[in-house]
Amino acid sequence: MNQRIAFERGEVPVALSGWTKPQGTAREWPMLTGDSAADAVVIGAGLAGSSLALHLADAGVATTVLESRQPGWGASGRNAGHVLPLLRDLKLFERFPDGGKRFLELFRQHLTIPFDLSAKHGIDSDAVRSGYINGMKTRKAQDAFLRQHAYLEQAGIQRSIALDAAQMKERLGTTAYPFGVLFEDGGRVNPYLLTNGMIETAARLGAKIHGNSEAISLERVGTQWRVRTAQGSVLANRVVFCTAAYPTDIEPAFQRAFYPLTAFALATAPLPEELQSVVIPGGGTFAQAPIDLNPMVRDRHNRLILSSIPRRGRAYDAQWHFQSQLAWLHKVWPETRNVPIELESYWTGRVAMRDAQFPGVFEVDSGVYGLMYFNAWGNVLAPLMGMLVAQGLATDTMHSLPFPLERAEPVTRPQKQAWLIQDILIPLARTAQRLGMV
Ligand SMILES: Cc1cc2nc3c(=O)[nH]c(=O)nc-3n(C[C@H](O)[C@H](O)[C@H](O)COP(=O)(O)OP(=O)(O)OC[C@H]3O[C@@H](n4cnc5c(N)ncnc54)[C@H](O)[C@@H]3O)c2cc1C
């Protein structure tokens, strides 16, 4: 595929992602060949499919994973590394079984799941509960943010801790955002390593993992399903699609049930020594409010990972996007102006959005499910929902999960969100930032 198109679609090789560096891409899993059988087949090995496979294997369910490329190739190997322990819309839970009580309790217990799974299974994914800090320029913006997130505390999910100018300076090393709100349970993770660590763990627990094995057809065989790939097939009782924003044409229901949005991310080379005590010395994940144009993480290699939405038609343009992030860095940390910061990696990936601010768990036929559309907060919700769906499959309770099983309805204008965000909101926000308004 033409490189420019690959950047526009978020389909550049995952080896470009900073998360594959410096350790390199993970081991390659073998292609499926010949006919086999399993209890459950998981299609797609991102954070959702990998967590699902790990928890299915842990529960003793004979599981086969089919991945078109290799685990972590999709959004999960390309994201910005923020662990966001939040829910966006509590109202939505009113239509959940028991008004969402069970789900909210599970969320409360597991909102640190990337850290917990990494610790439990010895996954070396740089998962650190370093806090999620939102910075604001004015008290008014801080008040509005606190009001907007008050529901989290009311529901007993997460405290919103207001930070003053001195605390912000201590954590971030800048006076540019004198007001802040901290969520202590947030932090960072290398999502590529987490995905591959979960897949390795699933394999250790008995799951069969196949890379370069695109699922190309699904046919009913009595009460079972046969999934075919180019060189083999698996006969299974249950099939779960975890294909998110990268669906192929095997299951039409999952091709048009979401709004795709391409995002970019970049990693700088490790910060020069003199900047290490200057830029985010406290190590937290940093976002800005009311407009989060420069979400930023500092990882264990002291690299800065920044991300946003690319300019229309310019997703390939690493330098343009790097320079615009660098200009912001220079403004926020003036000490960075005279010290060279190099671009190490630049890549794009595709997010899958829905109208609802919650991922979808779908049933397309008896025994055929989908788990996907995690928008830009998959690092917590994808492993969590993978775990919960695995429990549903392992105990045959898919119809009494703590969230609704839905039909995958096509959205009417799939490009709507990209148009709104990429063509209207982000350019307006960039202009406002240039003029010093945000
Ligand atoms: C640039 C960017 C920044 C982001 N930042 C954050 C962040 O900071 N924090 C956060 O929480 N979230 C973030 N997200 C969102 C997060 O990455 C996603 O929500 C999450 O990775 C989705 O995981 P998934 O398993 O659903 O999908 P994916 O990781 O996309 O996996 C889907 C997989 O399915 C495979 N597949 C498709 N069709 C087939 C088939 N027919 N057969 C076999 N395999 C198939 C694909 O190859 C792919 O590997 C970001 C996303 C992007 C792109």
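Predicted model: local features only at pLDDT ≥ 70, side-chain atom pairs only at ≥ 80, totals over all residues.
User: Why is the ligand said to lie between domain 1 and domain 2?

Analyst: Domain 1 (16-83 + 191-258 + 355-413) and domain 2 (128-187 + 261-353 + 418-434) both give residues to the shell around the ligand, so the ligand lies between them. The bounds come from an automatic or database domain assignment.

User: Which residues come nearest to the ligand, and which elements give two or more residues to the shell?

Analyst: The shell has 45 residues, of which G44, G46, G74, G349 and G378 come nearest; a residue is near if its C-beta atom, placed from the backbone, lies within 6 Å of the molecule. Two or more residues each come from α2 (47-58), β12 (259-268), β16 (343-353) and α11 (378-394). These labels follow DSSP runs numbered from the N terminus: helices are H or I of at least four residues, strands E of at least two.

User: How does the shell around the ligand divide by class?

Analyst: It has 24 nonpolar, 16 polar and 5 charged residues. Ala, Val, Leu, Ile, Met, Phe, Trp, Tyr, Cys and Pro count as nonpolar, Asp, Glu, Lys and Arg as charged, and the others, Gly among them, as polar.

User: What makes residues of domain 1 and domain 2 count as in contact, and how many do?

Analyst: The C-beta atoms of the two residues, placed from the backbone, must lie within 7 Å. By contact, 19 residues of domain 1 meet 20 residues of domain 2.

User: Why are α2 and α8 called roughly parallel?

Analyst: Their axes, lines fitted to C-alpha atoms over the stretch in contact, cross at roughly 25°, on a scale from 0 to 180 degrees between N-to-C directions. Angles under 35 degrees count as roughly parallel, over 145 as roughly antiparallel, 65 to 115 as roughly perpendicular and the rest as oblique; α2 and α8 are therefore roughly parallel.

Conventions. Residues numbered from 1 in each chain as written.
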